[in-house]
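Hi,

Here is the structure we talked about. Please have a look, then read my notes below.

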Amino acid sequence: MKPAICFHSAEELARSVHKGVHNAADIIETFIQRIEVTNSSLNAYTHLTIEWAREKARALDQCRKQGGEPGPLAGVPFAVKNLFDVEGEITLAGSEINLENPAAQQDALLIQRLERAGAILLGSLNMGEYAYDFTGENAHFGNCHNPWNLGHMSGGSSSGSGAATAAGIAPISLGSDTNGSIRVPSSLCGIFGLKPTYGCLPRSGSYPFCDSLDHLGPMARTTRDLALSFDALQGFDAEDHACVDKPKLHTLDELDKGIDNLRIARAGGYFINRDFPQAMAAVERVCDLLDVTEVLDIPGAEAGRSAAFLITNMESSSLHLPRLQNRPQDYDPDTRDRFLAGAMLPAAWYLRAQRVRHWYHQQVLALFEHVDVLIAPATPCTAPRIGEKILSINGQPQPLRPNLGYFTQPISAIGLPVCAVPTIDEESGMPIGVQVIAAPWREDLCLRVATHLESQGLQAPLPTGIAID
Amino acid sequence: MPQKPECPEHFDAEAYLDFMAPIVGLSIDEVSRPEVIKLLQTAHNMASIVYSVPLDDTAIDLAPVFVPGRKT
């Protein structure tokens, strides 16, 4: 089987298994070979479940030959950020400290759901320590490299998910997103990523970061693959106290409905910043393709972002306080210092931040009475070089690490569904994404608009920093 | 007349660190200290923005919801 099959969509791979054109076992072997060639330069996978994958593939092929229904994702390889529990493995969450934890007793619920749909787990993926990261840098397990240019950041914290899916070694990956950790690597690696509504996909069996803001979601090279996986992932689970019991969406059936009856506007105010010309150009290109001329201010976006910053800093530091007290030296220095600061902030700031988050949510809900979809940048710039520390905002040098989430943080602050859509920056030739944002529980609208953009040429491009064949 | 609470403009991050670290049981070494001070200052800037929002003075609407009887 030719390695180029690794860039086929998940839907195409599953169709080929259904039709008997390919065996799942052959698909899995092809991906394993490509991982062996590619991963040493990317550092995307931290653990491979090769024997498990081979066994599952053989069983799936046997099932199909006997007339069984192998599922909508039959034989599709996938991988997960290493904060998802994988049975028999330690859930690292990007941390050396977690190496002392016992192995997980069972797979995370979302892994189980993808496997029920016929997908086959290939392994776990690199991430920023404890998900407090937008860069893809990790002091313990090594930096994750961008498949467009290995000297540049993959973005984080779902760094391995972005790099692996862009590089053709995981057609579908799962990530988490608290303030942008699905959308930032999607943007910097040139793929599609869906951060669903807060409370939509259960977080059962995943390592937490910030309970008020943690989301899980899929990343893929096509919108149809995002929809296929999202449809398989949905469903209530009482184990996650934030999970909301709502009817499932059938987004795959909605994708081709077009955009004619949708009210789409560009996010203004906070989201227009001439310090970020690459991001502005990406949004303008998308707005041109959608014939969008209206610009709507998002009231309270800066306050919402600030609230999310404080909530994240304080909740995550509370989670880690015992280890910060006893073994701070075992943290990645870049995350440790953020946790240390967060552990000392006054409770009044946290409570005010939660009130402001509630207030900002009400402001934005009112906005969605007049608009269906908002377009905003995903990252301020294309992938910075690994090791870069400073980003200029409004003419002032600011730390890069927290500010790669400048545009994503105000959106996840109130749990809105977002699809990151890839574009290419003409000058640098590097990818940069755009956020397609809808009202809560309207992932179908995000995916419809993303599908339209894909049909207009905004497809996940093949990365230039690694061998394709 | 309801009054909007203020986040005082002056924030001495160094003094705050020295006061708070022992209260929460943290020991901040000399390697981390400069960066933690900067991060405390950043958090104060964020708090100033959060406090600039004109909230309803008579309501305490927190974003998370507590559901009595729910097991998780």
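In what sense do strand β11 (residues 373–377) and strand β15 (residues 431–438) of chain A pair, and over how many bridges? They pair in the antiparallel sense, over 5 bridges. Pairing here requires that DSSP finds at least two bridges between two strands. Within β15(A), Gln435(A) is the bridge partner of Ala376(A).

First, the ground rules. This is a predicted model, in which local features need pLDDT of at least 70 and side-chain atom pairs count only at pLDDT 80 or more, while totals for chains, interfaces and linings use all residues. Residues are numbered from 1 along each chain as its sequence is written, and chains are lettered from A and ligands numbered from 1 in the order in which they are written. Helices (H or I, at least four residues) and strands (E, at least two) are DSSP runs, numbered from the N terminus.

Confidence
The predictor gives the complex an ipTM of 0.93 and a pTM of 0.97. Chain B has an average pLDDT of 88, and 83% of its residues score at least 70. (pLDDT is the predictor's confidence in each residue, from 0 to 100.)

The sheet in chain A
β11(A) and β15(A) belong to an open sheet of 11 strands. The order is β1-β3-β2-β6-β8-β7-β14-β15-β11-β9-β10, and the pairing is mixed. At the edges stand β1 (45–48) and β10 (295–296) of chain A. Each has a single partner strand, so one side of each is left without a neighbour in the sheet.

A hairpin
Strand β12 (residues 390–393) and strand β13 (residues 396–399) of chain A run antiparallel, joined by 4 bridges. Ile393(A) is placed opposite Gln396(A) of β13(A). The hairpin has 2 residues between the strands, and Asn394(A) takes a positive phi near 50°.

Backbone points to check
Most residues other than glycine have a negative phi, and most peptide bonds are trans. Ala131(A) is not a glycine, yet has a positive phi of about 70°. Ala131(A) sits in the loop between β3 (120–125) and β4 (145–146) of chain A. The peptide bond from Gly156(A) to Ser157(A) is cis, with omega near 10°. Ser157(A) is in the loop between β5 (149–153) and α5 (159–166) of chain A.

Where the chains meet
Chain B gives 29 residues to the contact and chain A gives 33 residues. Two residues are in contact if their C-beta atoms, placed from the backbone, lie within 7 Å. On the chain B side, the elements that give two or more residues are α1 (13–23) and α2 (33–51) of chain B. The largest share, 10 residues, comes from α2(B). By class, the chain B side has 21 nonpolar, 4 polar and 4 charged residues. (Ala, Val, Leu, Ile, Met, Phe, Trp, Tyr, Cys and Pro count as nonpolar, Asp, Glu, Lys and Arg as charged, and the others, Gly among them, as polar.)

What does α2(B) pack against at an angle of about 55°? The partner is helix α10 (residues 333–342) of chain A, and the axes are 9 Å apart. Axes are lines fitted to C-alpha atoms, for helices over the stretch in contact, and angles run from 0 to 180 degrees between N-to-C directions. The two helices are therefore oblique to each other. (Angles under 35 degrees count as roughly parallel, over 145 as roughly antiparallel, 65 to 115 as roughly perpendicular and the rest as oblique.) From α10(A) come Asp337(A), Arg338(A), Leu340(A) and Ala341(A). They meet Glu35(B), Val36(B), Leu39(B), Leu40(B) and Ala43(B) in α2(B). This contact has 6 nonpolar, no polar and 3 charged residues.

Helix packing within chain A
α10(A) also packs with helix α9 (residues 301–326) of chain A, at about 105° and with axes 8 Å apart. That makes α9(A) roughly perpendicular to α10(A). Among the residues of α10(A) in this contact are Arg338(A), Leu340(A) and Ala341(A). The α9(A) side includes Asn313(A), Met314(A) and His320(A). The contact divides into 5 nonpolar, 5 polar and 1 charged.

Helix α4 (residues 109–116) and helix α7 (residues 223–233) of chain A cross at roughly 115°, and their axes come within 8 Å. They are therefore roughly perpendicular to each other. Leu110(A), Arg113(A) and Leu114(A) of α4(A) make the contact with Ser229(A), Ala232(A) and Leu233(A) of α7(A).

Best wishes
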